[in-house]
Amino acid sequence: MNNTRRDFLKTSAVATAGLMVSGHFAWANVAETLKVGIIGCGGRGTGAARDCVTGADGITIWAMGDLFEDRLDASYAQLKQHIGDKLQVAEARKFTGFDAYQKVLATGVDVVILAAPPGFRPAHFEAAVNAGKHVFMEKPVAVDPTGIRKILAAAEVSVQKKLCVVAGTQRRHDPKYIEAIQRIHNGAIGEVVTGQVYWNQGGLWKYDRKPGMSDMEWQIRNWLYFTWTSGDHIVEQHIHNIDVANWVMKGHPVKAVGMGGRQVRVDPAYGHIFDHFAIEFEYENGTKILSMCRQQDGTASNVSEFFYGTKGTSNAKDSIRGAQPWRYKGTGPDVNPYINEHTNLIKAIRSGNLLNEAKQVAESNLTAIMGREAAYTGALITWDDLLQANQDLAPAQLVFGDLPVAPVPHPGITKINRPAYGHFFETKP
Amino acid sequence: MLQLGDQTVSRSLDKAMWISKTEVTWDLFDIFVYGLDTKSTSPSPEVAAVARPSKPYVLPGRVFGHLGFPASAMSYYHAGIFAKWLSAKTGKKFRLLTEPEWEYICIKGRKPTSVTTEEGWVWENSDDKLHKVATKPENELGLVDVLGNVGEWVQSDAEIPFTKGGHFLEDAANVSCTAKWLQTPDWNMTDPQLPKSRWWLSDASYVGLRIAMEE
């Protein structure tokens with residue numbers, strides 16, 4: 001961060017080469033090539049594989065698994081074009097189907113990238129840890145308390161096994177956020193009194209159902225819009241900003257109240273999730289953070305965080321005002337956090353300095369679920385109750401066939417411990 | 001990447017043309033991006049033939065404000081398709097300015113010196129934010145924010161597309177009518193997908209456009 005942006009502009013043509021010889025590639029000798037498997041070969045899994053081989057030397061993409069052959073083939077073609085010989089996936093190490101992840105884990109890979117839709121993550125992470133693999137896993141890592149407990153249990157095992165785990169909450173690997181939050185933790189704005197975190201934007205892509213396609217296939221391909229696959233957008237997307245709140249607050253909230261609804265994006269092509277949420281999170285010390293997220297086309301967007309302290313304010317990223325002011329100068333990240341997270345993972349694996357973010361991301365993930373449940377149910381949700389809740393949104397079995405879409409949640413009636421399908425209503429005696 | 005052009009060339013327009021007074025704002029750009037023009041009426045075949053952008057995962061510029069603010073973070077390809085759509089909608093010929101045209105509208109009535117903070121939104125006065133268009137004085141042609149706020153795509157055959165006019169995160173000293181910014185990988189550094197979006201530049205909140213119309 002010593003370079004001024006002007007220096008950066010002058011050297012931007014060689015920026016990538018510049019990074020290659022900087023401190024991020026400190027190891028001189030790569031003892032052995034690390035083999036990486038991809039589980040979930042969509043745009044993000046494919047991007048993560050590129051980021052991994054870009055972020056470190058001595059990496060080979062060795063095996064690939066996806067539920068769908070067309071997704072796997074498209075991913076392979078993209079990677080061949082972008083990373084060339086670092087892609088060494090023989091036909092025999094390409095796997096499709098619901099059990100593709102187990103087959104990838106059995107190919108002798110050292111590291112796996114877990115990037116299937118979030119509802120599948122707990123099973124994939126548990127299997128990867130049991131197989132003794134280091135892990136990069138995209139956020140979110142679960143969609144319900146049952147999944148979170150599975151992640152937390154596997155996280156403990158992964159620490160015992162000295163496995164490295166990095167999660168796709170890439171702000172944790174962004175030098176701007178790291179510096180700003182370090183300053184906040186060092187007292188630059190005094191005691192944090194309150195804050196706001198936002199992810200307000202328009203809608204995202206949807207996958208249109210093809211004739212003859214089963215419910216299961218359509219829901220998984222259109223996974224953003226079903227709670228069992230994505231967790232809803234507060235979990236799938238807003239987790240990034242909620243994670244920043246927990247990072248600044250050095251812990252997770254203990255309760256949440258909130259509201260939300262499905263107001264504009266009501267076509268069944270968009271499943272059953274909400275299109276807006278507003279949640280108040282309360283932390284152990286009584287500090288309250290307001291969280292807001294929206295996916296409605298043509299509305300004002302805001303993706304940011306802001307914190308107020310007794311001695312100043314900060315956006316936790318590039319600006320601190322008050323007693324100890326600070327301003328980051330630049331047009332963008334000097335280091336791409338999406339690459340840096342892989343650099344840090346591989347460095348940790350090779351150095352033996354344990355880096356394991358599984359518990360941290362699980363806690364931010366449960367925080368987001370707590371917000372969702374506060375809005376879905378209309379109730380005050382406590383951390384302890386939610387962590388123990390029986391809620392399990394997954395279908396009873398993973399087969400291509402019929403799968404009804406659960407009704408849109410109804411605050412005041414919907415309960416946390418609801419059946420995954422059929423109805424949301426608790427029968428009253 | 002910042003490059004400086006020749007400041008001694010005299011510039012003129014070949015013919016009369018209409019040039020948007022402001023940088024294109026979200027008020028107009030949203031209609032294209034979100035297909036708001038097709039919600040209640042069927043588009044003409046010409047309009048229907050124009051591709052629409054993908055839904056952006058995040059628009060880096062939009063934390064600053066929306067209606068009345070310059071549209072930003074669209075790719076050069078996207079800016080060109082937008083002009084094509086606007087032409088199909090109106091039956092008139094809209095396009096980006098060429099570099100000589102852009103330099104003409106910038107230099108007219110003004111010395112080829114760096115921008116002042118009275119003239120435009122730059123690093124020294126922007127507070128790290130894009131500002132509503134037309135909150136700085138008009139230039140001699142009645143145009144606003146030619147220098148500063150968003151850098152503006154111009155039409156060219158160059159291999160690497162570029163913007164003119166500098167932007168809100170650029171030092172005033174670098175922002176002049178002759179300077180141009182060639183797109184670099186960091187404009188789209190943090191798009192996490194592969195392939196990266198052809199429509200949106202994940203990190204370029206400082207890139208926008210102004211349009212011209214020929215009679």
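Contact is taken throughout as heavy atoms within 4.5 Å. Helices (H or I, at least four residues) and strands (E, at least two) are DSSP runs, numbered from the N terminus. The structure is a predicted model, in which local features need pLDDT of at least 70 and side-chain atom pairs count only at pLDDT 80 or more, while totals for chains, interfaces and linings use all residues. Residues are numbered from 1 along each chain as its sequence is written, chains are lettered from A and ligands numbered from 1 in the order in which they are written, and side-chain values use heavy atoms, with hydrogens and water left out.

The secondary structure of chain A consists of 15 helices and 15 strands. Chain A has 429 residues, of which 58% are buried; buried denotes under 20% relative accessible area, exposed over 50%, and partly exposed in between (1.4 Å probe, protein chains only). Among the contacts in chain A with a separation of 6 or more, 75% come from residues 24 or more positions apart.

Two helix pairs of chain A were examined by their axes, which are lines fitted to C-alpha atoms, for helices over the stretch in contact, with angles running from 0 to 180 degrees between N-to-C directions. Helix α12 (residues 239-249) and helix α14 (residues 358-377) of chain A have axes that come within 9 Å and cross at roughly 115°. This crossing of α12(A) and α14(A) is right-handed; a crossing is left-handed if the near helix is turned anticlockwise from the far one by less than a right angle, and right-handed if clockwise. On the α12(A) side, I239(A), I242(A), D243(A) and N246(A) take part, and they meet E363(A), S364(A), N365(A), T367(A) and A368(A) of α14(A). By residue class, the contact of α12(A) with α14(A) comprises three nonpolar, four polar and two charged residues. In this classification Ala, Val, Leu, Ile, Met, Phe, Trp, Tyr, Cys and Pro are nonpolar, Asp, Glu, Lys and Arg are charged, and the others, Gly among them, are polar.

In the second pair, the axes of helix α6 (residues 121-130) and helix α7 (residues 145-160) of chain A come within 9 Å and cross at roughly 15°. The helices α6(A) and α7(A) are therefore roughly parallel, where angles under 35 degrees count as roughly parallel, over 145 as roughly antiparallel, 65 to 115 as roughly perpendicular and the rest as oblique. The crossing of α6(A) and α7(A) is left-handed. Helix α6(A) contributes R121(A), P122(A), A123(A), F125(A), E126(A) and V129(A), which meet G147(A), K150(A), I151(A), A154(A), A155(A), V157(A) and S158(A) in α7(A). The residues of the contact between α6(A) and α7(A) comprise eight nonpolar, two polar and three charged.

One disulfide, defined as a pair of cysteine sulfur atoms within 2.5 Å, is present over all chains. The bond joins C106(B) to C177(B), with an S to S distance of 2.0 Å. The torsion about the S-S bond of C106(B) and C177(B) is about -70°, so the disulfide is left-handed. Both partners are buried, C106(B) with a relative accessibility of 3% and C177(B) with a relative accessible area of 0%. In chain A, C41(A) is in no disulfide, and its nearest cysteine sulfur, that of C52(A), is 14 Å away. C41(A) is buried at 2% relative accessible area. C52(A) is likewise in no disulfide, with the nearest cysteine sulfur, that of C164(A), 12 Å away; C52(A) is buried at 1%.

Backbone geometry was also considered. Most residues other than glycine have a negative phi, and most peptide bonds are trans. The bond between K139(A) and P140(A) is cis, with omega about -20°, and P140(A) lies in the loop between β5 (134-137) and α7 of chain A. In chain B, a cis peptide bond with omega near 0° runs from L194(B) to P195(B); P195(B) is located in the loop between β6 and β7 (207-209). D232(A), although not a glycine, has a positive phi of about 80°. This residue, D232(A), occupies the loop between α10 (227-230) and α11 (233-236) of chain A and is buried at 0% relative accessibility. A134(B), also not a glycine, has a positive phi of about 65°, and is partly exposed at 41% relative accessibility.
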